[in-house]
Amino acid sequence: MIQQKEKFDGLAKGYDLYRPRYPEALFREIYHWLPKDRLLSIIDIGAGTGIAIEGLTNLLGQQHHYTAIDISQDMIDIGKQKLPWVNWLHGSTEEHLSSVDNPDLIMAAQSLQWMDRAAVLNLARNSLADNGVMAILQNNRDYRHNEFLNEYENLLEELSPNYSRHYRDFDYAQELNVAFQHESVLHITLSTHWNMIIPGEAFIGMSRSSTQVQRALTAHGEQFIRRLKILVEKYQSDDELTILYESQLIMTIKQNKYRAEKE
């Protein structure tokens with residue numbers, strides 16, 4: 001647990017300021033499958049500063065029962081300032097998820113890769129309410145269609161120890177299928193491509209908020225930032241960069257028998 005805390009503590013302000021938000025289309029798809037006639041129990045695991053809860057709240061409102069779990073106290077402190085209506089729990093997902101009764105939604109936004117995925121998905125299956133939703137959200141840099149991002153990944157792979165651009169290339173749909181194989185479920189995958197226009201200096205700030213860049217800085221000092229600045233100057237136009245993202249929602253709805261038969 002100490003190792004995981006060290007990954008994120010000290011990065012919370014930059015993380016919250018610079019990290020891209022998730023497209024509304026992903027939250028609308030989640031919203032479509034949630035009950036509309038009562039207050040909901042919503043859990044965000046590996047919540048960081050609550051970026052995913054912010055996006056969902058824009059659709060659902062603040063009246064529901066939101067719980068955010070994160071292992072970094074720095075992240076939680078920022079989250080509490082922004083989202084005081086959320087119940088914040090400090091610790092690991094495995095530690096807290098089993099004690100939350102029958103949530104309607106469990107979200108893992110940009111976080112499942114840091115966890116024991118099989119154990120967490122099994123906990124989610126066992127704790128979800130009937131018709132509950134397990135939703136995995138990802139914002140992935142689309143380096144295949146953006147020269148700047150491809151060179152940025154090259155730089156990370158050169159200077160950040162043990163980094164690979166493929167570090168999140170898991171088959172989450174298959175992992176959900178395995179975890180819920182004995183349940184009556186509906187699996188949904190949604191993908192959307194979008195651009196973010198960001199000042200070059202802001203991209204450097206966003207870069208500093210990542211654990212991969214922090215490892216590069218530990219190994220090579222400010223050499224990474226100097227080379228990143230050269231790269232930004234090469235590709236920015238009017239002091240701005242165009243960043244391509246592919247955002248994904250991989251979702252499983254745990255259906256009760258009646259609903260499954262109707263559909």
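Over which residues does the pLDDT stay under 50, and how many contacts beyond four places in sequence does the model have for them? The stretch is residues 1-6, where the model has seven contacts beyond four places in sequence, a contact being a pair of heavy atoms within 4.5 Å, and pLDDT being the predictor's confidence in each residue on a scale from 0 to 100. Residues 258-263 likewise have a pLDDT below 50, and this stretch has seven contacts in the model beyond near neighbours in sequence. For the protein chain as a whole the mean pLDDT is 92, and 94% of the residues reach 70 or more.

This is a predicted model, in which local features need a pLDDT of at least 70 and side-chain atom pairs count only at pLDDT 80 or more, while totals for chains, interfaces and linings use all residues. Residues are numbered from 1 along each chain as its sequence is written, and side-chain values use heavy atoms, with hydrogens and water left out.

The protein chain has 13 helices and seven strands, these being DSSP runs numbered from the N terminus, with helices (H or I) of at least four residues and strands (E) of at least two. Its C-alpha trace spans about 60 × 35 × 30 Å along the principal axes. The radius of gyration is 19 Å, which agrees with the value near 18 Å that a compact globule of 263 residues would have; the radius is taken over C-alpha atoms, and the globule rule is 2.2 Å times the number of residues to the power 0.38. Of the contacts in the chain with a separation of 6 or more, 80% are accounted for by residues 24 or more positions apart.

Of the 263 residues, 52% count as buried, where buried means under 20% relative accessible area, exposed means over 50%, and partly exposed lies in between (1.4 Å probe, protein chains only). The chain exposes about 12500 Å², of which carbon and sulfur atoms supply 46%, the areas coming from the Shrake-Rupley method with a 1.4 Å probe. There are 26 positive and 36 negative side chains, and the centres of the two sets lie 1 Å apart; Lys and Arg count as positive and Asp and Glu as negative, with His and the chain ends not counted, and each charge is placed at NZ of Lys, CZ of Arg, CG of Asp or CD of Glu.

Met107 counts as buried because its relative accessibility is 0%, and, leaving aside neighbours within four places in sequence, it is in contact with Phe27, Ile43, Asp44, Ile45, Ala52, Ile53, Leu56, Ala135 and Leu137. His32, 75 residues from Met107 in sequence, is 15 Å away from it, C-alpha to C-alpha. S4 is also among the elements against which the buried residues of helix H7 pack, together with strand S1 (41-45), helix H6 (93-97), strand S5 (132-141), helix H9 (172-179) and strand S7 (240-254). Those buried residues of H7 (residues 117-127) are Arg117, Val120, Leu121, Ala124, Arg125 and Ser127.

Helix H10 (residues 200-208) is largely enclosed by the rest of the structure, because seven of its nine residues are buried. They are Gly200, Ala202, Phe203, Ile204, Gly205, Met206 and Ser207, and their cover includes helix H2 (12-18), H8, strand S6 (185-199), H11, H12 and S7.

In helix H11 (residues 211-220), the buried residues are Thr211, Gln212, Val213, Ala216 and Leu217. Gln212 is buried because its relative accessible area is 7%, and beyond its neighbours within four places in sequence it is in contact with Leu156, Ser160, Tyr163 and Tyr167. Ala219, also in H11, is partly exposed, with a relative accessible area of 44%, and touches Leu159 and Pro161 when residues up to four places away are not counted. Just after H11, Gly221 takes a positive phi of about 65°.

Most residues other than glycine have a negative phi. Asn162, in the loop between helix H8 (147-159) and H9, has a positive phi near 70° and counts as exposed at 83% relative accessibility. Asp239, in the loop between helix H12 (223-235) and S7, has a positive phi near 65° and is exposed, with a relative accessible area of 54%.
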